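Please look over the sequence and the model shown here before reading on. The report that follows goes through selected features one after another.

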Amino acid sequence: MKKVLIIGLAVLGLVSCGGRAPKAKGAGKTPAKVELQLPSPPGMLSGQEQAEYVVENYWQNYKAEIDSVSLEQAFSNWCAFTGYVSRDISIKSLIKAYDKAPERILPLAEKYLYDPNSPYRDEDFYGALASHIGTPEMRELAKLCALNPVGSKAADFVFEDSRGRRHHLYDINAPYTILFFSNPGCNACKEIIDELAVFAEPIAAGAVAVVNIYIDEDLDAWREYLPAYPKTWNTGFDPLLVLRKDTVYHIRAIPSVYLLSADKTVILKDAPTERLIQTLENSL
């Protein structure tokens, strides 16, 4: 782990750190880019401690003169780097960034942490920022983001299978459960179905369970699409139509994928498939 952390620090430093670019001949009128200068961790710190130091102090050298392209690159790198430290440290760092430049950081946070298509999306991070901002609109958003945070027990719900039998999420007994909210005919959902084929053996052996849930009303379309779902999955629909109401889960877009532990603790929430696959492969 320490080697990975040190490599991460070095790579991030190469990407994000930097002074003013040297002027090319004839470019005297072009202003040099101003980039975010990352803090240098004390040499006596371990790899993990260095990572924590950098994330904790990531925004300390922020200047208003930093150009928008460089700031977005720095924010993107920050998102990647949060994977090396605790979520609490990352959230505190994000709030520090917002406090330094709210008008510039909020759009980046929305783009990278809340957009359903972002590979860095993290609803818990964005919800913590929304709570910190504290306007009425952001407080309401924070409440939605606070549903089923990482580290909490996932909310239970009822689903019905194609034979009319009703089950609870907590009826599923497996070391890991992939909770997959999908729609029939959804191209992105089909891609996830194909990608999860990598876990065909662990699923067949009972080491991983997939709970594949349709939350809308067109059951004819759902039944027609059933053959596309693996028979080893627990596929069903929401007979009570509660999951679409943002009171049990905040399902902002379909598809949406969660990873749960044996006791249904949330390991990953609305995670990109690549992150889910990597996490699960490292855990099995």
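## A strand residue and the overall make-up

Val210 has its place in strand 4, which covers residues 208-214; helices (H or I, at least four residues) and strands (E, at least two) are DSSP runs, numbered from the N terminus. This is a predicted model, in which local features need pLDDT of at least 70 and side-chain atom pairs count only at pLDDT 80 or more, while totals for chains, interfaces and linings use all residues. Residues are numbered from 1 along each chain as its sequence is written, and side-chain values use heavy atoms, with hydrogens and water left out.

With a relative accessibility of 0%, Val210 counts as buried, a term that stands for under 20% relative accessible area, with exposed meaning over 50% and partly exposed in between (1.4 Å probe, protein chains only). Leaving aside neighbours within four places in sequence, Val210 is in contact with Ile178, Ile203, Trp233 and Asn234, where contact means heavy atoms within 4.5 Å. The C-alpha atoms of Val210 and Thr177 are separated by 5.7 Å, although these residues are 33 apart along the chain.

The protein has eleven helices and seven strands, and buried residues make up 44% of its 284 residues. Among contacts between residues at least 6 apart in sequence, 66% join residues at least 24 apart.

## Aromatic pairs

A pair of aromatic rings is described by the distance of the centres and the angle of the planes. Rings of Phe, Tyr and Trp (its six-membered ring) pair if their centres lie within 6.5 Å, and planes under 30 degrees apart count as stacked, over 60 as edge-to-face and the rest as tilted. By this rule the count comes to 17 aromatic pairs. In one of them, the ring centres of Trp59 and Phe75 are 6.1 Å apart and the planes stand at 40°, so this pair is tilted. Because Trp59 lies in the loop between helix 2 (47-56) and helix 3 (68-81) while Phe75 lies in helix 3, the pair ties together parts that are 16 residues apart in sequence. Trp59 counts as buried at 3% relative accessibility, and Phe75 counts as buried at 0%.

In another pair, the ring centres of Phe180 and Trp233 are 6.0 Å apart and the planes stand at 80°, so the pair is edge-to-face. This pair links distant parts of the chain, 53 residues apart, with Phe180 in strand 3 (residues 176-181) and Trp233 in the loop between helix 10 (219-225) and strand 5 (234-237). Both Phe180 and Trp233 are buried.

Ring pairs also link Tyr58, Trp59, Phe75, Trp78, Tyr112, Tyr120 and Phe125 into a cluster. Elsewhere, Arg252 lies over the face of Tyr114, at 4.0 Å from the ring centre; a charge sits over a ring if NZ of Lys or CZ of Arg is within 6 Å of the ring centre and within 35 degrees of the ring normal.

## Two packed helices

Helix 2 and helix 4 (residues 87-100) pack at an angle of about 25°, with their axes 8 Å apart. The axes are lines fitted to C-alpha atoms, for helices over the stretch in contact, and angles run from 0 to 180 degrees between N-to-C directions. That angle makes helix 2 roughly parallel to helix 4, since angles under 35 degrees count as roughly parallel, over 145 as roughly antiparallel, 65 to 115 as roughly perpendicular and the rest as oblique. In this packing, Glu52, Val55 and Glu56 of helix 2 meet Ile89, Ser90, Ser93 and Lys96 of helix 4.

## Loop residues

Asn148 is found in the loop between helix 7 (136-145) and strand 1, whereas Asp270 lies in the loop between strand 7 (266-268) and helix 11 (273-283).

Ser162 belongs to the loop between strand 1 (158-160) and strand 2 (166-168) and is partly exposed, with a relative accessible area of 41%. Not counting residues up to four places away in sequence, Ser162 touches Trp222, Arg223, Leu226 and Thr235. Finally, the peptide bond from Ile254 to Pro255 is cis, with omega near 5°, and Pro255 is placed in the loop between strand 5 and strand 6 (256-260).
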